[in-house]
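Thanks for making the time this morning.

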Amino acid sequence: MSKTNGFMEAAFAEARAAKARGEVPIGAVVVLDGEIIARAGNETRALKDVTAHAEVLAIRRASEALGDERLIEADLYVTLEPCTMCAAAISFARIRRLYYAARDAKGGAVESGVRFYAQSTCHHAPDVYSGIRETEAADMLKTFFQERRD
C-alpha cells in the first residue's frame, strides 16, 4: 500500500468513526513529514457547530499541535471534496497538497461549484489530487443518507 493510500485509509477510518457517532461520514487527516499530525471526522452534531467539518477540525488540531496557524509543508487527505468554507480554511492555512476521494457536485468547491482555488481572490491554492478511492467514499455517503431516509 502506498503512503497516499495509507493516509487516505486513516481519513476513511475517521469517516467510519463519524458515521458510528451519527455524523455525516467524512474524515480528514493532516500529514507533515510523512506522519499524521492531526485527524478528525465530522462533529457538527456533537458540537452543535456548523463549522465542525472534518477538514476544519483537523486543521485546527494540526495548528494547535504545531503552535502555528500556517501549515505550509502539510498535506490534507479528506474523503469528500471540500466545501467553500473548508476550501478557504485550507487556503488560509497554506496547506501544500490536498488529496480527496469523492467529488461533491452539490456542495464541493474545489473542482465543483465555485472552484475556489481558481478564483483571482484566492490567497493560496494547494496542489489538488482527486478521485482517490472515489467510489468507496461516494458509496459510504450514499449508504449513510439512504439509511437516514429508510
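Predicted model: local features only at pLDDT ≥ 70, side-chain atom pairs only at ≥ 80, totals over all residues.

Residues are numbered from 1 along each chain as its sequence is written, and side-chain values use heavy atoms, with hydrogens and water left out.

Let me begin with strand β4, residues 97-102, where 5 of the 6 residues are buried, so the strand is largely enclosed by the rest of the structure. By buried I mean under 20% relative accessible area, with exposed being over 50% and partly exposed in between, using a 1.4 Å probe and protein chains only. Helices (H or I, at least four residues) and strands (E, at least two) are DSSP runs, numbered from the N terminus.

Strand β4 pairs in the parallel sense with β3, residues 75-80, over 5 bridges, and also in the parallel sense with β5, residues 127-130, over 4 bridges; two strands are said to pair if DSSP finds at least two bridges between them.

How does the chain get from β3 to β4? The path runs through helix α4, residues 84-93, and this β-α-β crossover is right-handed, meaning that, with the strands pointing away from the viewer, the path from the first strand over the helix to the second runs clockwise.

Within α4, the residues C86, A87, A88, I90, S91 and A93 are buried, and the buried residues of this helix pack against α3 (54-66), β3 and β4, where contact means heavy atoms within 4.5 Å. Just after the helix, R94 takes a positive phi of about 65°.

That brings me to the cysteines, where a search of the whole structure finds 0 disulfides, a disulfide being a pair of cysteine sulfur atoms within 2.5 Å. For C86, the nearest cysteine sulfur is that of C83, 3.7 Å away, and C86 counts as buried because its relative accessibility is 0%. The sulfur of C122 is 14 Å from the closest cysteine sulfur, in C83, which is too far for a bond, and C122, at 16% relative accessibility, also counts as buried.
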